[in-house]
Amino acid sequence: MKKLISVRLLLSIGLVLSMIFAGYSIYYKVKYWGFSISPKQNANVWAIEANINFIADGSPIKVSLSIPTKNKGFKILEENIIANGYKTQKHADKIVFSAHNMIGEQNLYYKIIVFDNINTKDKLKDKSPQAPKKPPFDEQKMAQAQQILDIVAKTEGTDKVEKLIKLFNEEPLNPALKSYIPVQNTTKSKINQMRELLAIEGISTRIARGLKLEEGQKVTPDMMLEAYNNGAWRIYDVTTGKIGLPDNFLLFQRGGDSLLDVEGGTDSSVKFSIAKSITSTMNLASQRAKQAEKAGWFDHSIYNLPLAQQNTLKWLSVFPIGILLVVLMRNIVGVQTMGTFTPMLISMSLVKTGFITGLVCFLAIILLGLGIRFIMSKLNLLLVPRISAVVIFVILIIHGLTFVGYNFDIKIAQASVFFPIIITAWVIERASITWEEDGPLNAGTELLNSLLVGIIVYFVIANDYVRHIMFVFNELNIVILFIVMLLGTYTGYRLTELRRFAPLVKKVK
């Protein structure tokens with residue numbers, strides 16, 4: 001008894017440690033590799049192409065284009081530059097093209113492929129800025145600005161930036177703003193006017209430019225206002241005052257006066273084209289690992305193997321949970337099956353054949369095989385030759401069913417080839433031996449129980465979510481291992497035995 005208790009204690013400790021390890025491993029895979037619980041979860045991948053167009057006048061050319069930096073809600077998978085005759089130099093937040101002796105219309109292309117980065121979404125971290133310099137207004141201009149700021153202060157709300165943006169977008173416009181805003185007012189000039197007013201209040205600001213990721217041709221970046229407010233940088237929509245990045249919005253630039261600067265050319269412009277594709281999170285796992293600087297672990301994992309080997313391991317990974325179900329049914333519920341893993345093998349065959357077709361085919365092979373086995377029992381053959389003869393007969397039965405299925409287009413018969421021949425022959429032999437030793441009732445009960453448990457296991461391992469989880473988070477198999485070993489120490493009553501001994505309990509009472 002003491003030895004049993006010590007074994008249980010060791011296995012319990014092993015189970016707890018395996019659960020901690022599995023929990024951390026699952027967290028690691030979700031956080032750094034982007035794995036998900038759902039087998040059908042996909043990630044959006046966007047191809048964004050910037051087309052820079054200008055007229056070169058023959059003087060030295062220097063073109064500077066702002067590009068996305070790290071931690072902007074998206075990660076860059078690939079970059080591609082098409083600029084024939086130009087030298088390129090990439091910096092952290094911009095790319096510079098340079099050339100000489102170019103004349104006429106010029107087209108430069110900068111293309112990136114990005115995916116939604118779940119680890120940095122909406123986390124616009126940056127250093128706290130220095131206090132802004134107040135604009136060099138004269139007395140009249142400062143008085144107008146102060147009048148506007150007084151109106152903002154009296155407006156309901158707590159966020160000064162949001163209240164100022166809403167004031168600039170009121171319809172009709174406040175009279176104090178009419179005299180402050182110039183007649184020709186663009187989005188950029190409106191943002192600059194807001195920045196001047198906020199600088200008076202001591203709030204640092206900068207312009208942000210980005211793209212709404214929607215498929216389209218030749219789109220222009222949206223301008224937004226970014227303000228250091230309440231100890232953090234916050235993005236504001238300059239038309240609504242709404243705080244935060246919109247969904248599927250890629251920031252191309254934070255700070256700076258312009259998105260594109262061109263020296264040595266005129267009539268410059270930059271237009272963007274956006275295309276969307278969808279891929280599974282599994283296909284992005286390698287790129288996510290590299291972006292998170294965790295590629296070493298991924299490169300030495302099973303997910304870096306060729307797909308053929310991965311598909312084999314997917315089936316092996318789901319075996320333990322099926323085995324656990326068989327152990328539970330036998331040791332806890334008390335269902336008597338024909339061998340320990342016969343139900344598991346039946347369920348695997350049903351997965352290959354399909355449930356209904358496999359069930360019909362299995363019963364047909366077993367019934368025909370049992371009939372032949374009883375005929376052979378009259379010959380008094382030794383065990384090994386008898387089982388060998390049954391195997392040969394099973395092969396002939398499968399040949400016959402496959403031939404009939406092909407010629408008469410019966411899919412049920414064609415499914416017979418997926419059943420393991422040796423296992424099927426062994427089930428037939430085991431059923432016939434049980435029939436001879438314990439009677440037809442016990443043989444039929446064991447056969448039906450094996451089929452029932454096989455069906456239960458089938459519905460579990462055939463589930464896409466179960467197969468996906470057991471392969472992606474295969475450390476769960478270590479947890480299952482310790483659970484199975486703990487079940488091996490169980491010496492109590494099985495559920496079927498409780499029902500069996502129920503009359504004795506009533507009699508004692």
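Colleague: Quick one before we start: what counts as a salt bridge here?

Modeller: A side-chain nitrogen of Lys or Arg within 4 Å of a carboxyl oxygen of Asp or Glu. Keep in mind that this is a predicted model.

Colleague: Thanks! How many salt bridges does that rule give?

Modeller: The count comes to six. One of them joins the side chains of Glu 226 and Arg 254, at 2.4 Å from N to O.

Colleague: Where do Glu 226 and Arg 254 lie?

Modeller: Glu 226 is in strand β9 (residues 222-229) and Arg 254 in strand β11 (residues 249-254), so the pair ties together parts 28 residues apart in sequence.

Colleague: Are those two buried or exposed?

Modeller: Both Glu 226 and Arg 254 are buried.

Colleague: And what about Lys 160, which residue does its side chain meet?

Modeller: Glu 201, in a salt bridge of 3.1 Å, N to O. Lys 160 belongs to helix α3 (residues 160-168), while Glu 201 sits in the loop between α5 and β7, so this pair links parts 41 residues apart in sequence. Lys 160 is partly exposed at 39% relative accessibility, and Glu 201 is partly exposed at 33%.

Colleague: Changing topic: which residues make the nonpolar patch on the surface?

Modeller: Leu 9, Ile 13, Val 16, Leu 17 and Ile 20, with about 490 Å² of accessible area together. Leu 17 is in helix α1 (residues 2-32), and its relative accessible area of 54% makes it exposed.

Colleague: Last one, how far apart are the end C-alpha atoms of helix α10?

Modeller: They are 32 Å apart, which agrees with the 33 Å that its 23 residues should span. Buried residues in α10 include Phe 362, Ile 366 and Arg 373.

How values were computed: Residues are numbered from 1 along each chain as its sequence is written. This is a predicted model: local features need pLDDT of at least 70, side-chain atom pairs count only at pLDDT 80 or more; totals for chains, interfaces and linings use all residues. Side-chain values use heavy atoms; hydrogens and water are left out. Patches are made of residues with over 30% relative accessible area and no salt bridge: like charges are joined within 9 Å, nonpolar side chains (Val, Leu, Ile, Met, Phe, Trp, Tyr) within 5 Å. Accessible areas come from the Shrake-Rupley method with a 1.4 Å probe; for residues, only the protein chains shown count as cover. Helices (H or I, at least four residues) and strands (E, at least two) are DSSP runs, numbered from the N terminus. Buried means under 20% relative accessible area, exposed over 50%, partly exposed in between (1.4 Å probe, protein chains only). The expected span of a helix is 1.5 Å times one less than its number of residues.
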